[in-house]
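Please look over the sequence and the 3D view, then read the points by topic.

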Amino acid sequence: MRVGIDKIGLFTPNKYVDMVDLAHARNEDPNKYLIGIGQSEMSVADQTQDAVSMGINATMKYIDRIDKDKIGLLVFGTESGIDQSKSASLFVKTALKLKPEVRTFEVKEACFGLTAALMIARDFVRVHPDQTAMVIGSDIARYGIGTAGEVTQGAGSVSMLIKADPAILALNDGHSAYSEDINDFWRPNDSKLAMVDGKYSTQVYLDFFSKTFADYKKQKKLETNDFDAIIYHLPFTKMGLKANRLAVADQDEATTEKLQNSFDASKQLSRRVGNIYTASLYMSLLSLLENGNLPTGALVGLFSYGSGAMGEFYSGNLVEGYKKEVNAAGDEKMLKRRQKVSVPEYEEIFNTALDDPEDNEELTSDDEKGTWYFAGTKGNIRQ
Ligand code: CAA
């Protein structure tokens with residue numbers, strides 16, 4: 001039985017900073033950000049957009065095209081949690097009016113969270129082929145104003161429906177996982193900003209990629225050339241480029257060109273949205289589906305990385321008609337609707353969002369009508 005991704009939706013908030021403006025404000029050469037890091041824009045979340053609201057908005061992209069009553073599982077991966085106890089998924093479930101019988105919870109392992117959710121969902125659907133599973137990754141990457149990581153911030157969510165006989169990507173059995181308890185990136189409970197050993201984190205990422213990619217090929221008796229595309233968790237697009245260079249290091253020109261072209265297609269959204277942690281790999285997938293030209297059956301390798309650290313490589317095959325399931329024009333419209341904010345405006349939004357609103361303070365959204373948003377708390381209960 002084929003099980004995999006049947007629907008996919010992306011949401012990003014309605015403001016962005018241009019990387020050239022940010023470079024000027026930080027006294028850096030713009031090419032360091034545009035080429036050296038590989039980012040051109042970065043989405044900015046104000047106080048009204050958080051992991052929950054973005055997760056709902058991402059799911060709204062396809063909710064009208066699915067049978068909600070078939071959903072038996074809803075898993076939410078995030079490292080921007082809004083409660084230490086209650087799962088973000090329960091708020092989503094209420095907003096989307098899912099049935100009470102759904103099993104729902106939140107998972108965490110840094111940016112690996114949505115892959116963890118996806119694998120749980122894949123196995124759930126294998127056991128319950130008449131049901132579907134919804135998985136959501138939703139995050140705001142915050143390193144701090146003036147830090148080295150600032151240029152690798154972003155905000156957004158990807159939501160996916162997993163089912164038997166999927167319309168987009170059929171997931172292959174098996175995977176290669178690798179984990180180690182290390183301190184490359186983490187966020188203690190009392191901090192809204194991530195702590196990071198940036199250079200070390202990039203080394204570990206590449207090391208875990210090399211290990212899991214080699215192991216996966218060995219397990220499955222595959223050669224690099226068998227892949228039509230390899231896509232990556234993209235904390236910034238240069239990170240994926242470095243991993244892709246490792247992937248093609250010993251390959252002929254044709255394979256190198258094929259995997260470079262598919263990587264280029266997969267990085268387009270990330271370049272403009274920034275790091276969305278758990279959902280970044282799946283934004284790469286969406287970007288590949290929208291901007292690439294792969295045939296039915298094409299083998300796509302996926303590398304997921306979560307700091308702390310956990311890496312996993314797995315694969316899937318594109319399903320006939322997959323292009324009909326994505327809406328490149330709609331996603332472009334969403335990016336275009338974003339208002340460009342100046343660096344001082346972004347700094348003010350950033351600093352305001354570091355504080356939670358006072359209880360009973362009502363927030364209002366300046367996004368377009370129909371967009372879900374966080375309206376504050378009443379009696380410490382989220383609205
Ligand atoms: N023109 C072109 N390129 C330029 C340039 C110019 N004028 N000036 C500098 N560059 C290049 C540099 O040569 C360098 O390229 P290479 O990496 O190919 O050597 C690149 O720009 C970056 O320059 P620096 O290394 O000097 O950058 P930095 O010290 O300011 O920090 C960073 C970069 C470590 C990635 C930092 O942004 C950071 O800490 N980011 C957050 C951590 C992160 O994203 N880690 C990724 C792995 S962990 C993970 O994936 C989980 C997650 O989501 C966080």
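The model is predicted. Its ligand sits in the second largest pocket, and there are 27 residues around the ligand. The notes below begin with that site and then turn to single residues elsewhere in the chain.

**The shell around the ligand**

- Among the 27 residues around the ligand, those that come nearest are Lys32, Ala148, Ser201, Lys238 and Lys242.
- By residue class, the shell around the ligand holds 12 nonpolar, 10 polar and five charged residues.
- Three helices each supply at least two residues of this shell: helix 2 (30–37), helix 6 (198–220) and helix 7 (237–247).
- Helix 6 gives the most, with five residues in the shell.

**Polar atoms facing the ligand**

- For lysine 32, an N or O atom in the side chain is 2.7 Å from an oxygen atom of the ligand.
- For serine 201, a polar side-chain atom lies 2.8 Å from a nitrogen atom of the ligand.
- For lysine 238, a polar side-chain atom lies 2.8 Å from an oxygen atom of the ligand.
- The ligand taken alone exposes 1100 Å², and the protein buries 74% of that area.

**Arginine 338, a buried charged residue**

- Arginine 338 is found in the loop that runs between helix 11 (328–336) and strand 15 (339–340).
- Is this residue buried or exposed? Arginine 338 counts as buried because its relative accessibility is 5%, and the cut-off for buried is under 20%.
- The side chain of arginine 338 is joined to the side chain of glutamate 41 by a polar contact of 2.5 Å.
- A polar atom of the arginine 338 side chain also lies 2.9 Å from the backbone oxygen of arginine 272.

- Valine 3 is found in strand 1, which covers residues 3–11.
- With a relative accessible area of 0%, valine 3 is buried.
- Valine 3 and glycine 316 are 313 residues apart along the chain, yet their C-alpha atoms are separated by 9.7 Å.

**A cis peptide bond**

- Which peptide bond is cis, with omega near 10°? The one from glycine 308 to alanine 309.
- Alanine 309 is found in the loop between strand 13 (299–306) and strand 14 (310–318).

**Positive phi in residues other than glycine**

- Lysine 97 has a positive phi, near 55°, and is a residue other than glycine.
- The place of lysine 97 is the loop between helix 4 (88–95) and strand 5 (103–107).
- Lysine 97 has a relative accessible area of 67%, so the residue is exposed; the cut-off for exposed is over 50%.
- Asparagine 360, also a residue other than glycine, has a positive phi near 75°.
- Asparagine 360 lies in the loop between helix 12 (343–353) and strand 16 (377–378).
- The relative accessible area of asparagine 360 is 56%, and therefore asparagine 360 is exposed.

How values were computed
Residues are numbered from 1 along each chain as its sequence is written. This is a predicted model: local features need pLDDT of at least 70, side-chain atom pairs count only at pLDDT 80 or more; totals for chains, interfaces and linings use all residues. Side-chain values use heavy atoms; hydrogens and water are left out. A residue is near a molecule or strand if one of its heavy atoms lies within 4 Å of it. A polar contact is a pair of N or O atoms within 3.5 Å; within protein, one must be able to donate a hydrogen and the other to accept it, and residues adjacent in sequence count only if both atoms are side-chain atoms. Accessible areas come from the Shrake-Rupley method with a 1.4 Å probe; for residues, only the protein chains shown count as cover. On a 1 Å grid over the protein atoms alone, a cavity is a set of points where a 1.4 Å probe fits but cannot get out, and a pocket is an open set with protein on both sides within 12 Å along at least five of seven lines; lining residues have an atom within 4 Å of a point. A molecule sits in a cavity or pocket if more than half of its atoms lie within 2 Å of its grid points. Helices (H or I, at least four residues) and strands (E, at least two) are DSSP runs, numbered from the N terminus. Ala, Val, Leu, Ile, Met, Phe, Trp, Tyr, Cys and Pro count as nonpolar, Asp, Glu, Lys and Arg as charged, and the others, Gly among them, as polar. Buried means under 20% relative accessible area, exposed over 50%, partly exposed in between (1.4 Å probe, protein chains only).
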